[in-house]
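Good morning, colleagues. Please look at the structure on the screen while I describe how its parts pack together.

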Amino acid sequence: MAYAAIKNQVEGLEKAFGVTVDLDYHFNYPVLYNHVEQTRAVRDILKQSEGSYFDEVVEGDTLSGSEDFAYYLKQTPGTFYIVGAKPEGIADPYPNHHPKFEINEESMMICAKSLGEVVLGRME
């Protein structure tokens with residue numbers, strides 16, 4: 001956990017330099033945790049459509065960014081997935097939440113189709 005690593009560093013500085021440090025760490029957002037069972041189910045459902053309206057399902061690396069969806073996942077088991085939205089012909093796009101962010105409009109249809117597919121697949 002990040003807090004434990006930072007606290008360990010602070011304690012090392014205190015010992016190394018003979019100082020006292022007040023660590024003021026704010027636990028603002030909960031960790032976004034994708035539940036294993038739900039994530040597997042979503043992956044399996046989407047794998048069946050891989051190549052039809054999107055290229056591939058990729059299990060990404062762990063990310064450390066904050067996400068509001070983490071609050072939902074604290075209450076109900078689920079999974080958060082990302083649909084790529086990089087505009088065609090742009091090598092280094094701005095991230096979402098940036099004022100110059102541009103979206104590939106086709107990604108919105110992929111979002112809608114994939115979410116609908118997951119809902120219908122989970123109802124079976």
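The buried residues of helix H2 are Gln38, Ala41, Val42, Ile45 and Leu46; buried means under 20% relative accessible area, exposed over 50% and partly exposed in between, with a 1.4 Å probe and protein chains only. These residues lie on the same side of H2, because they cover an arc of only 125 degrees around the axis, taken from the directions from the helix axis to the C-beta atoms. Helices here are DSSP runs (H or I, at least four residues), numbered from the N terminus.

This is a predicted model, in which local features need pLDDT of at least 70, side-chain atom pairs count only at pLDDT 80 or more, and totals for chains, interfaces and linings use all residues. Residues are numbered from 1 along each chain as its sequence is written, and side-chain values use heavy atoms, without hydrogens and water.

What do the buried residues of H2 pack against? Their partner is helix H4, residues 106-123, where contact means heavy atoms within 4.5 Å.

The largest nonpolar core has six residues: Val42, Ile45, Leu46, Tyr53, Phe54 and Val118. Such a core is a set of buried Ala, Val, Leu, Ile, Met, Phe, Trp, Tyr and Cys residues joined through side-chain atoms within 4.5 Å. H2 gives the most to this core, namely three residues. Not counting residues up to four places away in sequence, Val118 touches Val42, Ile45, Leu46 and Tyr81.

In soluble globular proteins, nonpolar side chains tend to be buried together.

How values were computed: Helix = DSSP H or I, 4+ residues; strand = E, 2+ residues; numbered from the N terminus.
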